[in-house]
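Please read it with the model open.

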Amino acid sequence: MRRAVNLVRDDYDFVLIDCPPSARPHHHQHARGADALLIPLQCEYYALEDMSQLLNTVHLIQHGVNRRLASRVCC
């Protein structure tokens with residue numbers, strides 16, 4: 001994913017990668033090539049539980065393969 005994004009990075013202001021919830025195994029690959037993540041979230045208990053796991057994954061990616069990945073959470 002990172003190589004694909006890098007090929008078009010200079011041609012666009014933004015490159016959006018839409019990743020449906022059912023594509024969980026691919027979230028890690030998409031985050032490796034991203035500068036930032038936008039994560040829409042329903043305000044319910046199970047969604048918040050998933051968010052905690054996702055933020056842990058983002059933290060691991062930031063400290064491993066993609067140090068430029070921005071992490072901000074806003075509601």
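Predicted model: local features only at pLDDT ≥ 70, side-chain atom pairs only at ≥ 80, totals over all residues.

The points below run from the overall fold to single residues.

1. **Fold.** The protein has 3 helices and 0 strands. Along the sequence the pattern reads α-α-α.

2. The protein has 75 residues, and 17% of them are buried. Take the contacts between residues at least 6 apart in sequence: 58% of these link residues at least 24 apart.

3. **Nonpolar patch.** Which residues form a nonpolar patch on the surface? They are Met1, Tyr12, Val15 and Ile17. Together they have about 360 Å² of accessible area. Val15 sits in the loop between α1 (2-8) and α2 (24-32). Its relative accessible area is 38%. Val15 therefore counts as partly exposed, since that class lies between the 20% and 50% cut-offs.

4. **Aromatic pair.** How many aromatic pairs does the structure hold? There is 1. Tyr45 and Tyr46 make an edge-to-face pair. Their rings are 5.3 Å apart, centre to centre, with 75° between the planes. The pair is called edge-to-face because planes over 60 degrees apart fall in that class.

5. **Exposure of the pair.** Are these two tyrosines, Tyr45 and Tyr46, buried or exposed? Tyr45 has 55% relative accessibility, so Tyr45 is exposed. Tyr46 is exposed as well, at 61%. The cut-off for exposed is over 50%.

Methods
Residues numbered from 1 in each chain as written. Heavy atoms only, no water. Helix = DSSP H or I, 4+ residues; strand = E, 2+ residues; numbered from the N terminus. Buried < 20%, exposed > 50% of the residue type's maximum accessible area, 1.4 Å probe, protein only. Contact = heavy atoms within 4.5 Å. Patch = residues over 30% accessible without salt bridge, like charges linked within 9 Å, V, L, I, M, F, W, Y side chains within 5 Å. Areas by Shrake-Rupley, 256 points an atom, 1.4 Å probe, with all protein chains shown as cover. Salt bridge = Lys/Arg side-chain N within 4 Å of Asp/Glu carboxyl O. Phe/Tyr/Trp six-rings, centres within 6.5 Å; stacked < 30°, edge-to-face > 60°.
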